[in-house]
Every structure is written in C-alpha cells, then in structure tokens.
Amino acid sequence: MRYEKIRKFDVSNAPGVRSTLFVTGCTHDCKGCFNKELQDFGAGKVWTQEDEDNFVSYVKNDNVVGVNILGGEPMQQVMDDCLPNLLKRVKEETGKSIWLWSGYLLEQILEDEKRRKILEYVDVLVDGRFEIDKRNINLKYRGSENQRVIDVKKTLMSDSVVLYDFEEIL
C-alpha cells in the first residue's frame with residue numbers, strides 16, 4: 001500500500017477530532033475529483049510497519065475519537081494486507097470508530113472478498129463515486145448527493161442499507 005499523507009489531528013472529514021490516512025491509487029477518475037493527485041498508484045510513500053505503529057499511536061491519543069481513511073481509493077488497496085491489518089489494529093487496540101470513503105457502492109464492496117475484508121472493520125462508509133453534476137457543498141462529509149453515509153454495522157445486521165444517524169453521539 002502507498003499513501004500520500006497522514007493527518008494526526010483532523011476535524012474536517014468526520015465528526016470530532018480524528019486521525020486521517022490518505023491512500024494513493026484510484027481508477028475511478030471521477031470528473032471534478034478533489035484529490036486527483038492521489039489517483040496515481042505510484043504516488044506517495046510505501047506504507048511501512050513504522051507508519052502503522054505511528055498511526056495507531058496517534059489514534060490512541062485521548063483527544064482522538066476515531067479514524068478516517070480516504071484516497072485515492074481505499075477499496076483498491078487489496079494487493080496486500082496493509083489496510084486490513086491497520087484497521088484491525090485500530091479496532092483491537094483502541095476500539096475507536098473508523099470512517100472510510102469509497103467510490104464503490106456498498107453492494108459492490110460486499111461482492112468482493114478482499115474489499116469485504118476491509119469493510120469488516122469500518123463503522124461508517126461514505127459510498128459512491130463523486131458526481132460533479134450532483135455536487136452539493138452543503139452535504140455533511142460527502143461531495144455529491146448520490147453518495148450515502150452508511151452505518152456499516154447496522155446495515156450488516158439488518159440486510160438493508162441503514163444511513164448514519166448524525167444525531168447519535170460518537
């Protein structure tokens with residue numbers, strides 16, 4: 001896995017103070033993508049055990065409520081086990097929430113064994129490609145109206161999509 005940047009403390013992508021990882025590599029090529037430079041699978045740095053250890057240490061900070069995984073396309077990070085291993089550690093060592101943004105729809109993720117492995121650790125999925133003609137800057141945590149903010153755990157328990165309730169406490 002490769003990544004472009006880590007934000008130790010991020011308040012712009014999801015509720016509360018979170019640690020954020022921006023992975024590189026994406027084949028969706030959405031028109032109007034705000035992270036176009038992260039589409040190149042060769043961009044950024046190679047993820048190392050030291051990077052993983054540092055990231056988990058950031059998440060352990062008492063001020064951090066969870067993790068954000070963005071890109072690029074996190075669900076295209078299936079060539080190795082770096083991302084599922086990181087998310088598993090975050091869950092086991094901190095129990096904090098994990099939000100992930102993907103251009104794939106939940107239904108597409110569930111059909112792919114490797115992507116489903118990543119999803120196992122995710123609490124909230126923002127799914128769907130960014131669509132410039134559906135862009136809406138007033139939406140919370142997503143860029144276009146077709147994208148859904150999904151409560152993954154409730155969805156998997158109910159076998160139907162359950163949208164995240166912004167009124168719930170983290």
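Tryptophan 99 counts as buried, at a relative accessibility of 1%, in a model that is predicted. The search of the whole structure for aromatic pairs returns five. In one of them, the ring centres of tryptophan 99 and tyrosine 141 are 5.4 Å apart and the planes stand at 80°, so the pair is edge-to-face. Because tryptophan 99 lies in strand β5 and tyrosine 141 in the loop between β6 (124-127) and β7 (148-151), this pair ties together parts that are 42 residues apart in sequence. Tyrosine 141 is partly exposed, with a relative accessible area of 23%. Tryptophan 99 also pairs edge-to-face with tyrosine 164, the ring centres being 5.1 Å apart and the planes at 70°; tyrosine 164 belongs to the segment after α5 (152-158), so this contact joins parts 65 residues apart in sequence. Tyrosine 164, like tryptophan 99, is buried, and ring pairs link Trp99, Trp101, Tyr141 and Tyr164 into a cluster.

Helix α2 (residues 82-94) comprises 13 residues and spans 18 Å from its first C-alpha to its last, close to the 18 Å expected. Its buried residues are Cys82, Leu83, Pro84, Leu86, Leu87, Arg89 and Val90, and the elements that cover them include β2 (18-23), α1 (49-59), β4 (66-70), β5 (97-101) and α4 (113-119). The helix is followed by glycine 95, whose phi is positive, near 70°.

No disulfides are counted. The sulfur of cysteine 82 is 18 Å from the closest cysteine sulfur, that of cysteine 26, which is too far for a bond; cysteine 26 is itself buried, with a relative accessible area of 13%.

Methods. Residues numbered from 1 in each chain as written. Predicted model: local features only at pLDDT ≥ 70, side-chain atom pairs only at ≥ 80, totals over all residues. Heavy atoms only, no water. Disulfide = S-S within 2.5 Å. Buried < 20%, exposed > 50% of the residue type's maximum accessible area, 1.4 Å probe, protein only. Helix = DSSP H or I, 4+ residues; strand = E, 2+ residues; numbered from the N terminus. Expected span 1.5 Å × (residues − 1). Contact = heavy atoms within 4.5 Å. Phe/Tyr/Trp six-rings, centres within 6.5 Å; stacked < 30°, edge-to-face > 60°.
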